[in-house]
Amino acid sequence: MKHLRTLVASLLVLGLLIGLGGWVLGSETDVLFRAQELSLWLPSRHFYDTSTIYPGGTLTWMAAYMTQYFYTDAGVWLLVGAWCLIAIQLVHAYRLRGTRVLLSVLVPLALAAIFLQTGYWIYYLKLQGHLWVPTLGVMTALLAANVHRLLPRWWGFAWYVLYGVVAYPLFGAWGGLGLLLMALQLDKAKTNPKIINIAMAPLFVVCVSLLPIIYCQWFFHQVEHTCIYKAALPCYQLGTIDCTQQYHWAYYVLLAAFVPAVVGGYWNKGRELLVGVLGLLLVAGGVLWADNRWYRDTNFYKEVAMYRCIENLDWEGVLRVMRSHDYGETKPPTRVMVMEKNLALFRLGRAGDEMFHYPEGAERQNAPWEVRLTQVGGKMLYYHYGKEQFCYRWCMEDGVEFGWTVDGLKYMTKSSLITHDWKVARKYIDMLKTTRFHREWAKKYEQLIGHPELMAQDEEMKPIIPMAAYPDRLDGDMTLVEMYLLKAFANGVGAEPYYQEMTLICSLIMKDIDLFWPRFHGYINMHRNDKEMRVPTHYQEAAYLYSMLEPQRPSEMWPGLTNAEAAERIPFDEGVKQKYKDFMNFNTQCGSMSEEQKKVAFAPMYGDTFYYFYFLVRNQKTN
Amino acid sequence: MKSALRFLPIFLLTLASCSNPQAPEQYADSQQLPTLYPEYTDVTVPINIAPLTFTVTDTCDASMARLTAGSVSRTYAGPDICPTEKDWKALVEQGDIEVEVFCQTNRQWTRMKPFAIHVSPDKIDPYISYRIIAPSYVAYEDLTIRQRNLETYDEEIIYSNMANTTESDGQCINCHSYQNYDPNRLQFHVRQYLGGTVIAYDGKVEKVDMKTGATVSAGVYPAWHPTEKLIAYSTNKTGQSFHTQSNEKVEVQDTYSDLMIYDVENHKVYAEAARDTNDLDCFPFWSPDGKTLYYCSAHYEKFDTAQATTKEFDMIQHYKEVRYSLYRRSFDIATRQLGEREMVYDAAADSLSATLPRISPDGRWLLFTLGKYGVFHIWHKDADLCLLDLQSGQMRLMDELNSPDVDSYHSWSSSGRWIIFSSRRNDGNFTRPFIAHIDKQGRATKPFELPQRHPQYHHELMRSYNVPEFMLGPVTIQPNKLAKIIRQEAVKATP
């Protein structure tokens, strides 16, 4: 009967973890894919050496290795497999039998909570392989505990000492967990000689408190003295913004999750119900807590999904995600979403007709600190808009500050190719060629080294190259990607029609009448020989609106013509004119409304026009 | 023990890649030199250098290399050719090494054109130190000043900024420098958090705050006086901006800079009160007798005097017009006074810019960097090393050392027979130290890249070497001691 209960409980644990895996797979695929792009593992001695300059480096090195598997769905199943192994190890280490086997699921669930709370930290956490570190930390700690269980008395003690000595450099703070779990094998303690039990406590104190100091004094010279005990733990602090308390709760839950399993094996029979209820309460409490605390929202998921679409040059996909309501609650978009949408429309040649068909917004990213565009999409935007040195620069800055990533190496490669910096592109390609999942990518781009003619035919680079044709100058973006791009293009002059249209789009977004007219004039002139040319709606709307606001401006563009004659040169659609009149009439009708009320009232009829954008979309704070 | 722990998992891999096989007996000869990384064909190395390891990068199914010197011959399987220290010692003791690289394709071996590694009996100083820094621009994270034993591959940290860096308080470290190559007499700067200048002198270590009202900044680029307890510095107000197109990436400019001298013993700063703020003095360096201070200087006046633009903005607009020339000033050791300035090389008159003057220990040669403009030549691809004979006044670009990419920061060994310099020739972005022999006539040999235990190390390293300097031995002050001193209050220098 007990075996049956054990079997059923084991199957329940397995089923729960597999179900969790399925849910993670369904909801987190894009996030996990992004996370592996924001990580790096190289199969070289140098990479290992670099990882191990900090205590716990071996653990983070292993974790970075595992992170790369999030490139495919296998990554999630590997993680679920690791959680199952943890459950099995717990059962073995603490001899959980019968329904008490259910207690073994608490630790994996706590690990899942840590895993899922990451949110925007995927861009900022400096701990290498941070998504896998807690799981591997617990695994190594439990493995140590199981080895300890298997070894007889003095051998077990020798293992305890040996592990205590080497655990800190290898596993950092997680080494202390291993020692603790060994010390808490109470049934084993019963069979140990008394002297072993007496010695274990002071040894624990020495290994956990004193040895790390010694290691950091003599071997790990790059650890700040207040961080000695935090080795291989993520640091949830950005500059002066300390989010430790908001995120460390899950680690306290993890520690608490061990308690029922550790003591559960020694409780008297008949307490299964109590144990089960305790476990469920813990899980329910964790979930409720998590629900209030997690910084994940629609925009977070949409941002990573849109980014992935751009990586695949799936421009329609970008727009589909932008429009989609499949991500739960609907919030105004973040600036990076708006910019990615505009990029997609620009690539599709529809920006002039559709860029105001989507909701505008400057929603703050759902994180306790101000997320910067440079981290969440700025590099990619710079790359696609031909600002290759700025793309390269931010890849380098972020690589230095937050650690080297596949994403960073890829963008440094691509931007170096466009600037013909072949040698350094070779360096990054050679590194990526050694990775498990990015070598094909690297081989593809390797073909482009030294071959601008191939780049000119490349689907991705073809539209970028004309955007990157402008004279060199010294400049700076002051970390404001959007403002820099807008100003650089709106003030830029380019002979390429593609570039020229971007100058027009940016002058439109900036609502700058002085910049608009020469760019609009340039656009008309560049396309005047195109018999099928139709001026896109938003450009017409802007020209019509501006010619209404300042009637003399068109004639300044066409010297020698009267205002009316000049206006005639602009092929306005009747619909554009009519909508303007309707907008103005409606505005008269709504005269007493506040601007906020007008925003709502005008949106259904005019939300997709430049008129609405010009008059009612203001103060979009960029980040 | 930490090293052992770190290296254990990859020990077998290393063994596998560096075994000792037999060279092929049958092969065809090619007149083509093999392609190697690092490029070590026909370089000259000191007899006491660590083994030169390299990778055969030719497209081969298999490769190997045979190194022969006198009666000693060793063969290694490729593509990574890694002579052991014992093998290497046996080889260099015999003199020049002939290297034969064999490349197998379609089961046929080809012997590439053999080349030599020339071995000079002139020993090199056993240690160098450098800063390891990612070539970023604003952001920084871990920075280390390290020392490397040139006779082995052993590298140690002298000081890491991470020892005193928290998430909210970052710390930059730079400009390590030694008096007469003596590792017991060193200085380096700590910027921002817990900032100051760390000065160690024969066992006494202190942190000094050199910022006084008399100077635009604390000491920046240092030069130890060869005999006195004095350090000359430039004081600089520096800014940077970014190229939108050029692969030179960044332009660093001084809008104000001047010279000062710091008395280590008395914590006293000597700075001149009257100065032309349009003269930008930088990179001081003492003559070996300590009676002359060499430096570079540019005269820059705002182009746009009509408009109310800042000098910084004006310089950014005209960055190619800022050109430095080489000067010197006599120095009175007794009074600590500098004499009038004297032109050494008017680079600006040639529409060029000369920086980083470094005098050879025998006082005859002045090695400097020559570029088209500016002071921060480490990012200028046209920056080349140039040698001025202070006896004859003859000057020449050192074509035997220079590359199409950046060749800049350089220093002489204590014997004057070797120089080490930074170059971005490998990939245009990451500086690597190169070493070259230089004879009494000022002729240099082909430089070789600092050898590493694994030849691909530099190709994968995402950091640059900064300010390589020779030392007669290792710095023995423990990093944790330096960290502790940096946490203490700085000694305030007085004007």
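This is a predicted model: local features need pLDDT of at least 70, side-chain atom pairs count only at pLDDT 80 or more; totals for chains, interfaces and linings use all residues.
Reader: Let's start with helix H14 of chain A. Which of its residues are buried?

Author: H14(A) covers residues 315-323, and the buried ones are Trp315(A), Val318(A), Leu319(A), Val321(A) and Met322(A).

Reader: Why do they line one face of the helix?

Author: Looking down the axis of H14(A), the buried residues fall within an arc of 160°, so they line one face. As background, an α-helix has 3.6 residues a turn, so residues three or four places apart point the same way.

Reader: And what sits on the face turned away from the buried side of H14(A)?

Author: That face carries the exposed residues Glu316(A) and Arg323(A).

Reader: OK, what covers the buried residues of H14(A)?

Author: The cover includes two helices of chain A, H13 (298-311) and H15 (335-348).

Reader: Switching to H4 and H5 of chain A. At what angle do their axes cross?

Author: Roughly 145°, with the axes of H4(A) (residues 74-93) and H5(A) (residues 106-116) coming within 8 Å. The crossing is right-handed.

Reader: Which residues meet there?

Author: From H4(A) you have Trp83(A), Ile86(A), Ala87(A) and Leu90(A), and they meet Val107(A), Pro108(A) and Leu111(A) of H5(A). This contact divides into seven nonpolar residues, no polar and no charged.

Reader: Now the contact between the chains. How many residues does each one put in?

Author: Chain B gives 47 residues and chain A gives 43.

Reader: Where does the largest share of chain B's side come from?

Author: From helix H1(B), with six residues. Among the other elements of chain B supplying at least two residues each are strand E13 (155-160), strand E19 (230-243) and helix H5 (479-487).

Reader: How does chain B's side divide into nonpolar, polar and charged?

Author: It has 19 nonpolar, 19 polar and nine charged residues.

Reader: What joins strand E3 of chain A to E19(B)?

Author: Two bridges, with E3(A) (residues 474-475) running antiparallel to E19(B). Leu474(A) stands opposite His243(B) there.

Reader: Last topic, the four-stranded sheet in chain B. What's the strand order?

Author: It's an open sheet in the order E22-E23-E24-E25, with antiparallel pairing. E22 (279-286) and E25 (337-345) of chain B are the edge strands, each pairing on one side only. From one strand to the next the twist averages 30°.

Reader: How many bridges pair E24(B) with E25(B)?

Author: Six, in the antiparallel sense, and E24(B) spans residues 324-332. For one of the partners, Leu326(B) bridges to Tyr345(B) in E25(B).

Notes: Residues are numbered from 1 along each chain as its sequence is written. Chains are lettered from A and ligands numbered from 1 in the order in which they are written. A residue is buried if 20 or more other C-beta atoms lie within 10 Å of its own, exposed if 12 or fewer, and partly exposed in between; C-beta atoms are placed from the backbone. The arc is that of the directions from the helix axis to the C-beta atoms. Two residues are in contact if their C-beta atoms, placed from the backbone, lie within 7 Å. Ala, Val, Leu, Ile, Met, Phe, Trp, Tyr, Cys and Pro count as nonpolar, Asp, Glu, Lys and Arg as charged, and the others, Gly among them, as polar. Two strands pair if DSSP finds at least two bridges between them. Axes are lines fitted to C-alpha atoms, for helices over the stretch in contact, and angles run from 0 to 180 degrees between N-to-C directions. A crossing is left-handed if the near helix is turned anticlockwise from the far one by less than a right angle, and right-handed if clockwise.
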